[in-house]
Amino acid sequence: MLDYIVVGLGLAGISFCETLEKNQKKFIVISDASQTSSNVAGGLYNPVILKRFTAAWNAKNQLEEALPFYSSLENKLGTQLDFKVPVLRRFTSIEEQNMWFEASDKPALKSFLSTTILPNKNDALDASFGYGEVLGTGRIDTKLLLQEYQSYLRKKEVLIEATFDFDMMKVEENVVLYQSIKAKKIVFATGFGLKSNPYFNYLPLNGTKGELLTIKAPELKETRVIKSSVFIIPLGEDIYRVGATYKWKDKTNIPTEASKIELLEKLNTFLKCDYDVVKHVAGIRPTVADRRPLVGKHPKHNNLFVLNGFGSRGVMIAPYASRELYEFIEKREQLTPEINIARFTKKYFTA
């Protein structure tokens, strides 16, 4: 008898597996890698919504949990995952500079926004009004994390690389049966794949398609993340990730020419050097109408749980939400109401 079956191995699944391991729980993971949002993500952890100069939801608490979490993973997997990199917000006017200073006075942002305007010294970038710097930022190499963690689970022989078949699952009062596997509980951490889950598809998971480009720009020579109408994220060796788009109707993982053109048009407004597009990827972010995660227990089945809805901030949210879910299940502690799926039960669930 296992303690848990975990379905899905993106940032949510990895974070919950790590929480289980730290608590000596026996588990198995089932994943078919069909959801690509964690794999193609920019991987930034940034506590500020730079479009509006506001603090991201619960950012301080999430960062305090996330940074030690990824450091521990680096030690465990023997590879660097966390790259400390400044995030600079490109200003387009004096008005934006003033808005930045006003935001930096707010208690929730005081520790995150530098009050020094940085002049632009890079001829490859058009930034005559300079930059504001966000403090305490970095990038998690999510693609490498997924690869290394899959390898780790394979070596432990606890990873089943297959599509989860709901017809093969039987839910009883104190056990979940799946093929020949018996477990006390099952946690679904499948990202946008939740839409095809007959137990949790009542939840209002919208899904937002995001597309990213990878460019090679030998003349750019930038080591910091630049945020303007798009992000430019340095990956080393003159390679940069550019993104991202937000599309609400298209729910495929197929890159589109329209989004490529959109990204390039925005990039060309401030990037002044030559570059080549070397890659174009897409994924569906698991977004929710109220922009809060989906965490909790099924309204009818006490051994079915969900860990989902992290949107574009999975790097920051996943460790925090995983701990919350674990303590809810094992220690019977209350979930933070903002993330508890109980907030949708009366409106959406029909037994």
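**A hairpin and its setting**

Author: Strands S19 and S20 form a hairpin, with six residues between them. The model is a predicted one, in which local features need pLDDT of at least 70 and side-chain atom pairs count only at pLDDT 80 or more, while totals for chains, interfaces and linings use all residues. Residues are numbered from 1 along each chain as its sequence is written, and side-chain values use heavy atoms, with hydrogens and water left out.

S19 covers residues 294-297 and S20 covers residues 304-308; the two pair in the antiparallel sense over four bridges. Pairing here requires that DSSP find at least two bridges between two strands. Within this pair, Leu294 stands opposite Asn308 in S20. In a regular strand the side chains alternate between the two faces of the sheet.

Of the contacts in the chain with a separation of 6 or more, 72% are accounted for by residues 24 or more positions apart, a contact meaning heavy atoms within 4.5 Å. Buried residues make up 54% of the 351; buried means under 20% relative accessible area, exposed over 50%, and partly exposed in between (1.4 Å probe, protein chains only).

Several loops elsewhere in the chain hold local features of the backbone. Most residues other than glycine have a negative phi, and most peptide bonds are trans. Glu237, in the loop between strand S16 (231-236) and S17, has a positive phi of about 55° although it is not a glycine. Glu237 counts as exposed because its relative accessibility is 73%. Arg332 also has a positive phi, near 55°, and is found in the loop between helix H7 (314-330) and helix H8 (345-348). With a relative accessible area of 75%, Arg332 is exposed. A cis peptide bond, with omega about 0°, joins Gly243 and Ala244; Ala244 lies in the loop between strand S17 (239-243) and helix H6 (257-267).
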